Amino acid sequence: MIFLKTDDEIELLRQSNLLVGKTLAEVAKLIKPGVTTKELDRVAEEFIRDHGAIPTFKGYPSPYGGPFPGTLCTSVNDQVVHGIPNDVPLKDGDIVSVDCGTLMNGFCGDSAYTFCVGDVDPEIRQLLQVTKEALYLGIENAVHGKRLGDIGFAIQSHCEAKSYGVVREFVGHGIGHEMHEDPQVPNYGKRGSGTMLKKGMCIAIEPMITQGSRQIVMERDGWTVRTKDRKFAAHFEHTVAVGIGKADILSSFEYIEQVLGDKSI
């Protein structure tokens, strides 16, 4: 069932999502060669709890493994999503997708950003740039009267035109009191197909794009998803409210990009 949100509920969603953006900015301050994703996770959890919120990922159940142990999903290089924070230092030339969720005032926030670690190959930086562009092209279609397929088509066509793969098995989602609500929001699709979008629908749009084949595998931990061919993958995510004529982006990359400055993607 899809729940339409009132204007007041959307503002509560915005508060939780802006906290995610601020948390990711705190993480951005620390990302460099030598830092571990477990260190990033510890800082994020402390920041979220200090602001009166709960990290929604921590303890989240999985049908494939135990509850998720971290506050952040930290997916490095060929890991697509759901990477578990660990003690392995990041290296120069790595990329790391950091996905973060919060629960505050009864509503969830969810956003992700893929960061460069040190000096990253230009081909990999282009993958990140195209994935981020695809996110905003999808958001342009999150308007009242369009359909879910319009969002997916915009993302898919932009990325496949650059010969990148579009992951099918994991998709965006509705969001509200629960982190994952209806509808599912695929990053592929046909124009004019799927559920009609209505004002007040709140969805997380999150392209997961691969440098090579779109085929993925799940690691034995029951969480970490990586590319089958071991080529790199990028992931960007915003939570948005469907609007009349224009989507309302409830999360924010502005705090992150203030930290990164001219190094932002």
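Arg49 is partly exposed, with a relative accessible area of 43%. Partly exposed means a value between two cut-offs: buried is under 20% relative accessible area and exposed is over 50%, with a 1.4 Å probe and protein chains only. The areas come from the Shrake-Rupley method with that 1.4 Å probe, and for residues only the protein chains shown count as cover. This is a predicted model, in which local features need pLDDT of at least 70, side-chain atom pairs count only at pLDDT 80 or more, and totals for chains, interfaces and linings use all residues. Residues are numbered from 1 along each chain as its sequence is written, and side-chain values use heavy atoms, with hydrogens and water left out.

Stay with Arg49. Its side chain meets that of Glu45 in a salt bridge, at 2.9 Å from N to O. A salt bridge here is a side-chain nitrogen of Lys or Arg within 4 Å of a carboxyl oxygen of Asp or Glu. Side chains of opposite charge can pair when their charged atoms come close. Arg49 and Glu45 both lie in helix H2, residues 37-50. They are 4 residues apart, about one turn of the helix. Helices (H or I, at least four residues) and strands (E, at least two) are DSSP runs, numbered from the N terminus.

Which residue besides Arg49 forms a salt bridge with Glu45? Lys58 does, with the closest N and O atoms 2.7 Å apart. Lys58 lies in the loop between strand E1 (54-55) and strand E2, while Glu45 is in helix H2, so the pair ties together parts that are 13 residues apart in sequence. Lys58 is partly exposed, at 37% relative accessible area. Glu45 is buried, because its relative accessible area is 17%.

The structure holds 13 salt bridges. In one of them, the side chains of Asp248 and Arg14 meet at 2.7 Å, N to O. This pair links distant parts of the chain. Asp248 sits in strand E15 and Arg14 in helix H1 (residues 7-28), 234 residues apart. Asp248 is partly exposed, with a relative accessible area of 28%. Glu11, Arg14 and Asp248 are linked in a network of salt bridges.

Asp92, Asp119, Asp121 and Glu123 gather in a patch of negative charge on the surface. A patch is made of residues with over 30% relative accessible area and no salt bridge; like charges are joined within 9 Å, and nonpolar side chains (Val, Leu, Ile, Met, Phe, Trp, Tyr) within 5 Å. Asp and Glu count as negative and Lys and Arg as positive, while His and the chain ends are not counted. The place of a charge is taken as CG of Asp, CD of Glu, NZ of Lys or CZ of Arg. Asp92 lies in the loop between strand E3 (79-81) and strand E4 (95-104). Asp92 counts as partly exposed, because its relative accessibility is 49%.

Move on to buried residues. Cys100 is found in strand E4. Its relative accessible area is 0%, so Cys100 is buried. Cys100 and Leu72 are 28 residues apart in sequence and 5.1 Å apart in space, C-alpha to C-alpha. Leu250 is also buried, again at 0%. Leu250 is found in the loop between strand E15 (248-249) and helix H5 (254-260). From Leu250 to Ser111 is 139 residues in sequence and 9.6 Å in space, C-alpha to C-alpha.

Next, the backbone. A cis peptide bond joins Asp182 and Pro183, with omega about 0°. Pro183 is found in strand E8, residues 181-185. Asn77 has a phi near 60°, a positive value in a residue other than glycine. Asn77 lies in the loop between strand E2 (72-76) and strand E3. Is Asn77 buried or exposed? At 12% relative accessibility, Asn77 counts as buried. Ser163 has a phi near 70°, a positive value in a residue other than glycine. Ser163 is found in the loop between helix H4 (148-160) and strand E6 (165-166). At 61% relative accessibility, Ser163 counts as exposed.

Finally, step back. The protein has 5 helices and 15 strands. Of its 265 residues, 55% count as buried. The C-alpha atoms fill a box of roughly 45 × 45 × 40 Å, taken along the principal axes. With 265 residues, a compact globule would have a radius of gyration near 18 Å; the protein has 17 Å, which agrees. The radius is taken over C-alpha atoms, and the globule rule is 2.2 Å times the number of residues to the power 0.38.
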